[in-house]
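Dear colleague,

I am handing over the structure below, and my notes on its helix packing, nonpolar cores and pockets follow it. Please read them with the model open.

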Amino acid sequence: MRSHPARILLTSLAASVLFAACGAGPRSGLETRTFRLDYLDAQTAAGLIGPYVFTEGSEIRPVQGSVDALTIRERPEILDRIGATLAVYDRPRGQPSVRLRFQLIEADGFDDVDPAIAEVEGALRELFRFDGYRLLAEAVVSGARRYGEFQQHVTVDGEQYAISGQVWAIHDAADASDAAEAGTVRLDINLRNLTRHETVLEAEVEIPTDQTVVLGNGQTSGRDGTLILAVRPEVRGREGEGQGQG
């Protein structure tokens, strides 16, 4: 039987082209960028830019932890468009808002100092007489405004807690009569163990901005140690006054 070199060569070239095409699909042109959010929360921002993220292999992931941010994998030109869109919407809207950073702390017989709560360790030892403290969970509420309600859930050792409340007043530096006077935030706060249907603590407080304050302590039947809640309010600026603190 006679061979057909031309046919074999064409077949090999076709296979090579097909292999190259498979390796040069949409995924090969994707990049990953993280966008920090100053005023929008991650869920709102993800809903806003969701329609832009459509390429095969692309994804949107909220950044875990105390920073509001989105990590997005997409084509570079789409990432540029997403960045421009977030720049338009991630800003204050005519009145100050507040970001609330909560720390749920347990007091018990801990020997080691937890560096995550170093900022309030001294205050804890002045207020209470426990042997040691450790951080159990953190939660961040972004974009809270006057008269607005908020709620965040955290899970500790399989049990779910809700940190909720209402913001009653936000006074930023622009409201102060003295230029050196710090702003304050007045709010109600409630910490509940949702798993056991127990209220751990409730407080109505007025807190200086950019300071971490220990709100109080309480107990729940599911733990031996005492639970303590600390909060740090950060007031964001008004529209047209530039970037807020943070």
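The face of helix 4 that is turned away from its buried side carries Glu-119 and Glu-126, both exposed (exposed means over 50% relative accessible area, buried under 20%, and partly exposed in between, with a 1.4 Å probe and protein chains only). Helix 4 spans residues 118–127, and its buried residues are Val-120, Glu-121 and Leu-124. Seen down the helix axis, these buried residues fall within an arc of 130°, so they line one face of helix 4 (the arc is taken over the directions from the helix axis to the C-beta atoms). They pack against strand 4, strand 5, strand 10 (213–218) and strand 11, where contact means heavy atoms within 4.5 Å. Helices (H or I, at least four residues) and strands (E, at least two) are DSSP runs numbered from the N terminus.

This is a predicted model, in which local features need pLDDT of at least 70 and side-chain atom pairs count only at pLDDT 80 or more, while totals for chains, interfaces and linings use all residues. Residues are numbered from 1 along each chain as its sequence is written, and side-chain values use heavy atoms, with hydrogens and water left out.

The largest nonpolar core has 30 residues, of which Phe-102, Leu-104, Ile-189 and Leu-229 touch the most other members; such a core is a set of buried Ala, Val, Leu, Ile, Met, Phe, Trp, Tyr and Cys residues joined through side-chain atoms within 4.5 Å. Among the elements giving two or more residues to this core are strand 4 (97–108), strand 5 (132–144) and strand 11 (226–236). Apart from it lies another core, of 13 residues, including Ala-45, Leu-70, Ile-82 and Leu-86.

The largest pocket holds about 540 Å³ of space. A pocket is an open set of points on a 1 Å grid over the protein atoms alone, where a 1.4 Å probe fits, with protein on both sides within 12 Å along at least five of seven lines, and lining residues have an atom within 4 Å of a point; grid points are joined across faces, edges and corners, and a volume is the space filled by probe spheres set on the points. Of the 19 residues that line the largest pocket, Ala-42, Gly-65, Asp-68, Val-140 and Gln-152 lie nearest its centre, and strand 5 gives the largest share of the lining, five residues.

The second largest pocket has a volume of about 180 Å³. Its lining has 16 residues, and Arg-101, Gln-103, Glu-138, Thr-212 and Arg-232 are the closest to its centre.

Best wishes
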